[in-house]
Amino acid sequence: LAVKLLRTDRQLPANLDDFKREAQIIGLLNHPGIVSIIGWGETFEGRPFYAMPFVDRGNLLASSVSYHSAHSTRIDDGVKEFRDLLYRLVSVCKTIAYAHSRGIVHRDLKPENVMLGKYGETLVIDWGCATQVSRDARFKVQGEQTLQLKGFNDSTSSGGMTLRYASPEQLHGGKNVGPESDIYSLGAILYRLLCGKSPFEDVPNDQVRSDSIAGKLEAVELRKGGIPKPLAAICRKAMSVAPEDRYRTALDMADDLERFLSDVSVSVCRTSPGTRMVRFVRRNRTASALLLGLLVVASGLLTL
């Protein structure tokens with residue numbers, strides 16, 4: 001088991017409410033991509049805690065660091081290790097889409113908050129910054145009711161955010177934060193998986209806010225070689241400055257990632273005939289080898 005306790009230096013009423021809100025949100029969200037709560041209570045000293053399954057394969061950040069350490073100058077999108085990172089992100093997108101369908105926005109998505117298990121588990125953790133929002137038609141899924149939190153006058157957490165993965169509207173401070181904010185953060189995670197660095201990693205902390213709001217982010221394909229254009233386009237779409245310019249839902253982003261992994265054209269990038277041919281060969285290696293052999297034989301017969 002893993003046990004999460006409220007730190008002794010965070011025993012203020014607002015922090016206690018956030019901790020209890022997080023436990024309630026996790027307890028009410030029923031999805032295989034969200035860590036489950038096995039039990040909760042208080043220690044003898046009065047510190048609240050909850051227990052959850054222990055996941056022992058590290059997190060998405062550690063896996064990304066490991067991959068990029070082995071591919072320091074150029075990525076290879078055909079190797080298993082890289083494609084596994086993308087499959088993990090697809091799972092995160094679908095998990096967040098479920099949360100949005102219940103009216104919950106995570107607000108602190110980052111690779112460190114995605115735990116990996118040795119049997120393929122991909123779990124989104126740390127819902128301490130999550131907030132409840134009103135769902136619009138995009139996120140209403142039949143059979144999924146808006147989650148109702150009990151015991152809180154205000155459904156919004158007082159928790160913070162992670163500077164380099166936060167959306168421009170979060171950093172602005174005066175704008176509404178909805179599901180679109182999580183989609184931006186999903187794009188920021190993809191940015192990290194593609195180039196090995198977080199967005200604005202080389203920008204001073206006091207400048208990140210203004211650069212993010214202004215959209216002054218270095219294109220991911222300029223930070224490392226070998227990044228496929230479709231993935232760069234997906235990242236750019238998800239991280240659009242204006243919320244309305246991003247993917248409509250996290251499921252739409254997951255669909256484009258799955259299309260790339262299936263060597264099919266994505267919705268945000270036109271694929272050249274040459275790239276389509278390479279993908280066809282990669283998808284149909286046996287058939288391509290047979291076709292090439294037949295062409296060689298036919299060419300030989302024509303020269304007789």
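This is a predicted model: local features need pLDDT of at least 70, side-chain atom pairs count only at pLDDT 80 or more; totals for chains, interfaces and linings use all residues.
Residues are numbered from 1 along each chain as its sequence is written, and side-chain values use heavy atoms, with hydrogens and water left out.

Let me begin with the chain as a whole. Its secondary structure comes to ten helices and seven strands, where helices (H or I, at least four residues) and strands (E, at least two) are DSSP runs numbered from the N terminus. Of the 304 residues in the protein chain, 46% are buried, and by buried I mean under 20% relative accessible area, with exposed being over 50% and partly exposed in between, using a 1.4 Å probe and protein chains only. Among the contacts in the chain with a separation of 6 or more, 70% are between residues 24 or more positions apart, a contact being heavy atoms within 4.5 Å.

Turning to the sheet, three strands form an open sheet in the order β1-β3-β2, with antiparallel pairing; two strands pair if DSSP finds at least two bridges between them. Because β1 (2-5) and β2 (39-42) stand at the edges with a single partner strand each, one side of each is left without a neighbour in the sheet. On average, neighbouring strands of this sheet are turned by 20° against each other, direction ignored. Between β2 and strand β3 (residues 48-52) there are four bridges, and F49 in β3 is the bridge partner of G41. Across β1 and β3 lies helix α1 (residues 13-28), which runs at about 25° to β3; axes here are lines fitted to C-alpha atoms, for helices over the stretch in contact, and angles run from 0 to 180 degrees between N-to-C directions.

Next, I would like to look at helix packing around α5. The axes of helix α5 (residues 179-195) and helix α8 (residues 250-261) come within 10 Å and cross at roughly 25°, and the two are therefore roughly parallel to each other, a term for angles under 35 degrees, as against over 145 for roughly antiparallel, 65 to 115 for roughly perpendicular and oblique for the rest. The contact is made by I183, L186, G187 and L190 of α5 together with A250, M253 and L257 of α8.

Helix α5 also packs with helix α2 (residues 60-70), at an angle of about 25° and with the axes 8 Å apart, which makes α2 roughly parallel to α5. Here L60, L61, S64, V65 and H68 in α2 meet I189, R192, L193, L194 and C195 in α5.

Which residues does I189 touch, if we leave out those up to four places away in sequence? They are L60, L89, L109, K110, P111 and Y165.
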